[in-house]
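Subject: Structure handover

Hello,

Here is the structure we spoke about, with its sequence. My notes on what was found in it follow below.

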Amino acid sequence: MDDQLTDDDMPAGAIDGTAWAEFCDSLKDAGQLILDNSTDDLDRVEGFRYLTRLTRGGLQSFIENFDPVFAQILPIPHNLKIGCDNPDAYYQNVRIDPTYDYRIRGLRGTVNYLSIGAYSGGYGAGAATPGRQGHLEDNDPDPERVVNIVASVDEPVSLEPGQRWLRLSANTTTLIIRNFYLDRTTERPSELELTCRNPPSPHPGPYDGKQLSHGLALSALFVHGVAQRFLDWLEEFQQRPNTLEFLPDDDASGGWGDPNQLFRHGAWSIEPGQAIVVDVPPIDAYYWNFQLNNMWEESLDYRTRSVTVNKHTAVHEPDGSARIIVAPEDPGFGNWIDTAEHRHGTWGLRYNQVVEDLAPTITVVDAAGLSPH
């Protein structure tokens, strides 16, 4: 059979440029979200940069790596930051089709925590409500150990020694891999590859107009949907400023979150001369971290600024608690979180595999009066 496509097989929108023009128009429209919700110049320029990052992410997911039979496990594009991204995380994802079975295999690495989850829905405009299906975690760093997983809707009749099963559902569309560092300078992430075990053909067919039109439309919906979703979060957070509270289940562990995490979220704001003190109690958790974000839910630049702290990097008080100080200037004690020229934004506190949940204490203070307790 001739597998060469003719012009008749191509949707008109892909051939005459309509699909591309509609994609560009949609990106232009997304800019109105930035204009309508920015409160200062820094918000605005970071907001437009945010749209460029979302665009890169959408194009990678829906154009370059969209074939669920031949897709690769890829890192989230550089500096794409969505929904209070964890500065300690190396995120990867891949689109799949649950009508196929997959094998995930590769070196475990030495990161503190590795998790692999199967998810449905999405955060793009018009996408089904995000949901989680199967999930596996690995708390045993080992640079030589091989991870060996079968991902399928039906449980395998038998597994190889050391092999694990990741349950999919008929609605699963995406796998997300999370590598959580305690120390980025010494730990190495996993190196995993995905293989479809029952592909319908040995190689993908030629790229066609339907794929292009569909991919451009989904990419545009992704940009709009993600930006709007987290603006909705911000609006909710701003009703209770300078607090850290749990999200509704459909946006937290019941959505695309990690089920081992308790994740507090909120919005912060300080006036000139103020600081915020966040006291994290002595917590029996496998991992915890605190981070500062801008209003778009992007982590601040943790490569060059002190905007995050975790269980390993924190300076602890004698009782095991950790005093975190959010301020423009370093007070010289505790765990300073640099506001990086911002006066407001969002923030997050994660507990992973915690024995007992203990809430933090948050106090807005006069920065000049700060002193060790």
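Helix α2 passes α3 in a right-handed crossing. Please keep in mind that this is a predicted model. The axes of α2 (residues 18-37) and α3 come within 9 Å, and they cross at roughly 145 degrees. On the α2 side, the residues that meet α3 are Phe23, Leu27, Ala30, Gly31, Ile34 and Leu35. Their counterparts in α3 are Arg44, Gly47, Phe48, Leu51, Thr55 and Leu59. By class, the contact of α2 with α3 has eight nonpolar residues, three polar and one charged.

**The sheet with β1 and β5 at its edges**

Five strands make up an open sheet with antiparallel pairing, in the order β1-β2-β8-β4-β5. β1 (74-75) and β5 (131-138) each have a single partner strand, so one side of each is left without a neighbour in the sheet.

Two of the pairings can be followed residue by residue. Strand β1 pairs with β2 over two bridges, in the antiparallel sense, and here leucine 74 stands opposite asparagine 93 in β2. Strand β2 (residues 89-95) in turn pairs with β8 (residues 172-180), again antiparallel, over seven bridges. In that pair, valine 94 faces leucine 175 in β8, and tyrosine 90 stands opposite asparagine 179 in β8.

**The sheet with β10 and β14 at its edges**

Another open sheet of five strands runs in the order β10-β11-β17-β13-β14, and its pairing is antiparallel. Which strands stand at the edges? They are β10 and β14 (308-310); each has a single partner strand, so one side of each has no neighbour in the sheet.

Strands β13 (residues 285-293) and β17 (residues 344-354) run antiparallel and are joined by eight bridges. Phenylalanine 290 stands opposite leucine 349 in β17. Helix α4 packs on this sheet, where α4 touches β11 and β17. The direction of α4 makes about 70 degrees with that of β11.

Rolling a probe the size of a water molecule over the atoms shows where empty space is left. How many cavities of 30 Å³ or more does the count give? The count comes to one. The largest cavity has a volume of about 60 Å³. The residues that line the largest cavity are Glu236, Phe237, Arg240, Thr243, Glu245, Phe246, Leu247, His265 and Gly266. The elements that give two or more residues to this lining are α4 (209-237), β10 (245-246) and β11 (261-269). By class, the lining divides into three nonpolar, three polar and three charged residues.

The lining of the second largest pocket has 12 nonpolar, seven polar and five charged residues.

Regards

Key. Residues are numbered from 1 along each chain as its sequence is written. This is a predicted model: local features need pLDDT of at least 70, side-chain atom pairs count only at pLDDT 80 or more; totals for chains, interfaces and linings use all residues. Side-chain values use heavy atoms; hydrogens and water are left out. On a 1 Å grid over the protein atoms alone, a cavity is a set of points where a 1.4 Å probe fits but cannot get out, and a pocket is an open set with protein on both sides within 12 Å along at least five of seven lines; lining residues have an atom within 4 Å of a point. Grid points are joined across faces, edges and corners, and a volume is the space filled by probe spheres set on the points. Helices (H or I, at least four residues) and strands (E, at least two) are DSSP runs, numbered from the N terminus. Ala, Val, Leu, Ile, Met, Phe, Trp, Tyr, Cys and Pro count as nonpolar, Asp, Glu, Lys and Arg as charged, and the others, Gly among them, as polar. Two strands pair if DSSP finds at least two bridges between them. Contact means heavy atoms within 4.5 Å. Axes are lines fitted to C-alpha atoms, for helices over the stretch in contact, and angles run from 0 to 180 degrees between N-to-C directions. A crossing is left-handed if the near helix is turned anticlockwise from the far one by less than a right angle, and right-handed if clockwise.
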